[in-house]
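Here is a short report on strand pairing and ring contacts. Please look over the sequence and the model before reading on.

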Amino acid sequence: MSIIHRYEKNPILTKDDVPYPVATVHNAGVTKFNDRYIMIFRSHLTSGRSILGLAESDDGFKFKVNGKPFMTPAKEGIFQIYEEYGLEDPRITCMGDEYLITYSAYSRYGVRIALARTRDFKTIERVALITEADYRNLVIFPEKINGMYVRMDRPHSEISPWSIWISYSPDLKYWGDARLVMKPAAYHWDEMKIGPGAPPIKTDQGWLNIYHGVFQTMAGSVYRLGVALHDLADPSKIRGVGDDWILEPEAEYERTGYVPNVVFTCGAVPEPDGMLKIYWGAADTVMCVGTASIKDLVDLCLEHPRAAV
């Protein structure tokens with residue numbers, strides 16, 4: 001049985017909930033702002049390219065979508081060049097009074113990660129393109145560590161196959177001191193590739209990293225979710241990786257859709273009662289939510305671990 005308990009009214013958002021034409025609603029970053037839940041979701045257009053929309057909720061379950069898209073490809077400057085084919089898979093990190101948004105920028109030159117920021121989710125400032133091609137799944141830690149910003153990402157590479165790396169920055173624009181921290185495990189549920197999902201969540205025991213892992217079958221790829229625990233003072237050190245997955249495609253809306261057999265998270269919100277709301281795109285088609293005990297997730301990493309590399 002999954003460690004994550006699905007909300008009984010999943011999916012919580014579909015294309016029919018969006019007041020402008022889209023083909024999907026999936027892979028959303030979620031955060032709290034002024035005691036409300038903010039969701040920035042990805043949608044395919046009927047062209048096949050993606051834009052980002054915004055929805056709001058009082059309880060984290062019932063969301064209402066704004067009347068127009070939140071972000072569409074830039075019309076000028078360097079962002080116009082590298083966002084030509086669309087915006088995908090946003091993550092949101094609260095840092096002081098700012099919210100940092102990372103997203104995949106697609107163009108004829110491949111995929112790069114872009115960084116934007118907002119204070120009110122009404123106005124948005126594009127800050128920088130913070131990777132070269134071909135990077136995906138970039139998450140920023142919600143506080144500086146040893147005076148530096150910290151991020152995890154996943155280069156799309158067969159050299160060190162689809163592994164999670166960590167790097168550091170003094171200013172959010174220029175990143176370095178990169179090192180590999182976690183690899184797929186051979187003949188395991190995440191053996192094909194892995195990538196960070198939600199921005200890390202601080203606990204007393206360490207930083208929780210909800211990540212996705214992919215397993216190749218004769219019928220195609222299966223995307224599941226797992227969890228790792230990073231050291232608080234030095235997140236390049238991993239205290240444990242849970243040996244078992246925490247969520248796999250089981251419901252019909254996860255097994256059938258635009259991309260079958262996918263659960264993919266870009267956001268999770270910790271609650272004061274020790275529970276975690278985890279949001280995931282199902283089959284690259286709809287948005288879902290479930291809850292899990294933060295303690296249970298930490299225990300899985302510490303009591304039933306496997307090697308990180």
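## Strand β20 and its partners

Phenylalanine 264 has its bridge partner, glycine 281, in β20. The model is predicted. Strand β19 (residues 263-270) runs antiparallel to β20, and seven bridges join the two. Four residues lie between the strands of this hairpin, and glycine 274 takes a positive phi near 90 degrees.

β20 also pairs with strand β21 (residues 286-293), antiparallel, over eight bridges. Here isoleucine 278 has glycine 290 in β21 as its bridge partner. β20 and β21 form a hairpin with three residues between them. Alanine 283, in that turn, has a positive phi of about 55 degrees. Strand β20 (residues 275-282) is mostly covered, with seven of its eight residues buried.

## Aromatic pairs

The model has ten aromatic pairs. Why is the pair of tyrosine 99 and phenylalanine 121 tilted? The ring planes stand at 55 degrees, with the centres 4.9 Å apart, so the pair counts as tilted; edge-to-face would need over 60 degrees.

Tyrosine 99 lies in strand β7 (residues 98-107). Phenylalanine 121 is in the loop between β8 (110-118) and β9 (125-129), so the pair ties together parts 22 residues apart in sequence. Both tyrosine 99 and phenylalanine 121 are buried. With Phe33, Tyr99 and Phe121 form one aromatic cluster.

## Charges over rings

Two arginines belong here. The charged end of arginine 112 sits over the ring of tyrosine 82, 4.5 Å from the ring centre. Arginine 224 has its charged end over the ring of tryptophan 245, 4.0 Å from the ring centre.

Technical notes: Residues are numbered from 1 along each chain as its sequence is written. This is a predicted model: local features need pLDDT of at least 70, side-chain atom pairs count only at pLDDT 80 or more; totals for chains, interfaces and linings use all residues. Side-chain values use heavy atoms; hydrogens and water are left out. Buried means under 20% relative accessible area, exposed over 50%, partly exposed in between (1.4 Å probe, protein chains only). Two strands pair if DSSP finds at least two bridges between them. Rings of Phe, Tyr and Trp (its six-membered ring) pair if their centres lie within 6.5 Å; planes under 30 degrees apart count as stacked, over 60 as edge-to-face and the rest as tilted. A charge sits over a ring if NZ of Lys or CZ of Arg is within 6 Å of the ring centre and within 35 degrees of the ring normal.
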